[in-house]
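These notebook entries record what I looked up in one chain. I begin with a helix and then turn to the packing around it.

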Amino acid sequence: GVQTCALPIFPDCNVFTTIGGIDLDFFNPKVPPLYQDFKKPIILSSSAFIEAKRTDLIVKAVSKLKEGTLVMSNKGPLQKKVCKLGEKLLGDRFKYIGMIPDTSMPNMYKMADVLAMASRHEPYGRILLECMGTNTPVVCQYDETRKWVVGDGGMFVPNCANTDYFALKISMALQTDWEDKPRKQAEKFSWEKTVDDYEEQIGKILC
């Protein structure tokens, strides 16, 4: 889980980048799903209801699918607006489950068939790793950081504002046999590997 590059302004200065790992014993594929009474397939959104996360695009994309229940959690100033849109466009295919306690996060990810994230920019998106830790694939907007983080554990959309293409990618993700690719990708960012990355880079500096 390491990237090393040179800054254009300081070409002789290498920058070491790693990501805070996740607890792969906690986020694991063997946890039971949080809810089992929602009609499948389940598309999950766990992003905050704020402008930067563009959760309304997820609602619009899922509304273009012939089937699938959109389950949304979290909170934020746009919660009522987005939930109202979900109820309008999806009817009983929309479920808002509120804030989920940290102890139940793996179970929430496990109940989903795919996690959708529509934010334009992300520092890296920890929930992507947490979700893949339970072997649930993700669909998110493409950028170099998320390509590094998600790898073969999900699918990418050039611009989630194109909700037709966003919907297509969600549909493709639902139809794909992912085997254990999401989990294997998450394993690249375990806490153990993060510690090893830091030890290696610090050792290079001190030598």
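Which residues of α6 are buried? I list T163, F166, A167, K169, I170 and A173, where buried means under 20% relative accessible area, exposed over 50% and partly exposed in between, with a 1.4 Å probe and protein chains only. Helices (H or I, at least four residues) and strands (E, at least two) are DSSP runs, numbered from the N terminus.

I note the basis of these entries. The model is predicted, so local features need pLDDT of at least 70 and side-chain atom pairs count only at pLDDT 80 or more, while totals for chains, interfaces and linings use all residues. Residues are numbered from 1 along each chain as its sequence is written, and side-chain values use heavy atoms, with hydrogens and water left out.

**Entry: helix α6.** Cover for the buried residues includes β3, α1 (55–63), β6 (114–116), β7 and β8 (154–157). I also checked the length: at 1.5 Å a residue, the 13 residues of α6 (163–175) should span 18 Å, and the end C-alpha atoms are 18 Å apart, which agrees. The expected span is 1.5 Å times one less than the number of residues.

**Entry: nonpolar cores.** A nonpolar core is a set of buried Ala, Val, Leu, Ile, Met, Phe, Trp, Tyr and Cys residues joined through side-chain atoms within 4.5 Å. Of the 30 residues in the largest one, L44, M108 and Y109 touch the most other members. I see at least two residues of this core supplied by each of β3 (42–45), α3 (105–111), α4 (126–133), β7 (138–141) and α5 (144–150). The largest share, five residues, comes from α4. A second, separate core has 26 residues, including I58, V62, M155 and C160.

**Entry: L24.** I place L24 in the loop between β2 (14–18) and β3. Is L24 buried or exposed? L24 counts as buried because its relative accessibility is 12%. Neighbours within four places in sequence aside, L24 is in contact (heavy atoms within 4.5 Å) with G133, R183, A186, E187 and S190. The C-alpha atoms of L24 and R183 are separated by 9.0 Å, although the two residues lie 159 residues apart along the chain.

**Entry: whole chain.** I record eight helices and eight strands. Of the 207 residues, 49% count as buried.
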